Amino acid sequence: MNKNVLEVDDLRTSFFTDEGELQAVRGVTFHLERGRVLGLVGESGCGKSVTSYSVMRLIQEPGRIVGGQILLHTGDGRTLDTATLNEKSEELYEVRGGLVSMIFQEPMTALSPVHSIGNQICEAILLHQDVTQADAERLAVDMLGKVGIPGPEERLSQYPHELSGGMRQRVVIAMALVCKPELLIADEPTTALDVTIQAQVLRLIKELQAELGTSVLFITHDLGVIAQMADDVAVMYLGRIVEQGSVHAVLKAPLHPYTQALLRSLPGLSGTRERLASIEGTVPNLREIPPGCPFHPRCEAFKEGLCDTGAAPELEELAADHRVACVRAKEVNGL
Ligand SMILES: Nc1ncnc2c1ncn2[C@@H]1O[C@H](COP(=O)(O)OP(=O)(O)OP(=O)(O)O)[C@@H](O)[C@H]1O
Ligand code: SF4
Ligand SMILES: [Mg+2]
């Protein structure tokens with residue numbers, strides 16, 4: 001069995017609009033080791049969702065994957081390139097219907113308002129497992145219990161609107177995990193919930209991940225959540241990964257000025273309780289991607305003639321399990 005469950009290589013995804021091609025993901029490469037949690041982090045609009053939707057091949061018109069590979073290594077020894085699988089192929093159906101599960105930001109996108117919770121979970125089970133209706137109901141009750149829903153038997157007949165937001169997201173997590181996916185993608189799964197519920201749901205995902213050994217691609221804009229949830233991290237900026245490595249290495253000693261700024265703007269981790277200013281400037285839009293290093297208009301370490309010309313810097317291994325895409329990283333960090 002391949003030790004990686006997912007290998008994304010030079011992924012490029014664009015939207016073809018009236019204004020031309022908008023390159024939302026511009027050459028993204030990462031891998032996710034089986035049984036681990038990889039956090040994908042970055043400010044709004046940096047391409048986290050487009051990357052994860054690309055893995056599931058859920059990019060809608062006018063968007064399209066224009067290059068790269070997305071290799072999914074299954075537990076039974078197959079390798080599927082979801083970037084190029086035929087839209088009507090059985091493999092793509094398999095990928096979307098069980099090999100990979102996704103938890104979205106807003107639980108209602110994953111739930112049908114007109115079917116009971118029980119029906120929806122049982123349908124997911126019956127679609128992928130050869131069990132009877134009674135077995136499916138037992139599995140559903142088990143899973144609802146596991147995700148911390150009180151009185152799971154009674155919940156089966158309830159409808160999504162009868163549950164609170166936090167309970168709904170627990171149902172979605174139960175649905176996503178009940179078929180034992182090889183890969184779980186969680187795209188900001190707690191943003192729609194209030195703060196105390198957020199913490200509970202994050203803990204729950206982490207516990208279930210550890211118990212079931214699920215491989216998870218976890219998306220968030222919050223480095224604090226990365227510290228809590230992930231083993232490895234990839235930091236994105238304007239459709240590219242700018243820093244990558246183990247959470248321990250990257251958060252302890254970030255080497256990219258963008259990651260350093262993200263970390264400074266985080267109240268909890270930087271050791272101060274007051275809210276610090278967010279990073280200077282705003283993310284440029286995709287119509288005006290800066291030449292050279294995409295972060296250069298906002299970077300404190302910017303050097304004219306070096307940072308603002310040529311192609312975007314490539315990731316370079318600067319320490320054990322730690323890669324950075326910044327031409328001045330060594331100099332700035334005294335390496
Ligand atoms: N259908 C679309 N048409 C045109 N541009 C799009 C479309 N969907 C996404 N984009 C653009 O692609 C870029 C990446 O978007 P994406 O949704 O991946 O960001 P994100 O990192 O997930 O941000 P957030 O934290 O806000 O969810 C953005 O600039 C966005 O405007
Ligand atoms: S390449 Fe230059 S602009 Fe980009 S992060 Fe490094 S120092 Fe800053
Ligand atoms: Mg998103």
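Predicted model: local features only at pLDDT ≥ 70, side-chain atom pairs only at ≥ 80, totals over all residues.

**Stop 1: ligand 1**

Select ligand 1 and the residues around it. The shell holds 15 residues, and A24, S44, K48, S49 and V50 are the closest. How do they divide by type? Six are nonpolar, eight are polar and one is charged.

Now colour by secondary structure. Three elements each supply at least two residues of this shell: β1 (4–17), β2 (20–33) and α1 (48–56). Which of them gives the most? It is α1, with three residues.

**Stop 2: G27 in β2**

Stay with β2 and select G27, which lies in this strand. G27 is partly exposed, because 17 other C-beta atoms lie within 10 Å. Show its contacts, leaving out residues up to four places away in sequence: G27 touches D10, R12 and R240. Then draw a C-alpha to C-alpha distance from G27 to V8. The two are 19 residues apart in sequence and 9.5 Å apart in space.

**Stop 3**

Move on to the loop between α1 and β4 (63–73). Select R57, which sits in this loop. R57 is not a glycine, yet its phi is positive, about 60°.

Select E61 together with P62. The peptide bond joining them is cis, with omega about 5°.

**Stop 4: ligand 2**

Jump to ligand 2. Its shell has 13 residues, and those that come nearest are C293, H296, C299, C307 and C326. Colour this shell by residue type. Ten residues are nonpolar, two are polar and one is charged.

**Stop 5: the largest nonpolar core**

Next, select I121 and A174. Of the 91 residues in the largest nonpolar core, these two touch the most other members. The largest share of this core comes from α6, which contributes nine residues.

Keep A174 selected and show its contacts. Beyond its neighbours within four places in sequence, A174 is in contact with I121, M143, L144 and V147.

**Stop 6: helix α6**

Select α6, residues 165–178. Check its length first. At 1.5 Å a residue, the 14 residues should span 20 Å, and the end C-alpha atoms are 20 Å apart, which agrees. How many of its residues are buried? The count is 13 of the 14, so α6 is largely enclosed by the rest of the structure.

Step past the end of the helix to K180, in the loop between α6 and β7. K180 is not a glycine, but it has a positive phi of about 45°. With 15 other C-beta atoms within 10 Å, K180 is partly exposed.

**Stop 7: helix α7**

Select α7, residues 195–212. Its 18 residues should span 26 Å at 1.5 Å a residue, and the end C-alpha atoms are 26 Å apart, in agreement.

Now look down the helix axis with V201, I205, L208 and Q209 highlighted. These residues of α7 are buried. They cover an arc of only 105° around the axis, which puts them on the same side of α7. What covers them? The cover includes β3 (37–41), α4 (133–146), α6, β7 (183–187) and β8 (215–220).

The face away from the buried side carries the exposed residues V195, T196, A210 and E211. Just after α7, select G213, whose phi is positive at about 70°.

**Stop 8: Q260 in α10**

Finish at Q260, in helix α10 (residues 257–264). Q260 and V250 are ten residues apart in sequence and 9.5 Å apart in space.

How values were computed: Residues numbered from 1 in each chain as written. Chains lettered and ligands numbered in written order. Near = placed C-beta within 6 Å. Nonpolar A, V, L, I, M, F, W, Y, C, P; charged D, E, K, R; others polar. Helix = DSSP H or I, 4+ residues; strand = E, 2+ residues; numbered from the N terminus. Expected span 1.5 Å × (residues − 1). Buried ≥ 20, exposed ≤ 12 C-beta atoms within 10 Å, placed from the backbone. Core = buried A, V, L, I, M, F, W, Y, C linked by C-beta atoms within 7 Å. Contact = placed C-beta atoms within 7 Å. Arc of directions from axis to C-beta.
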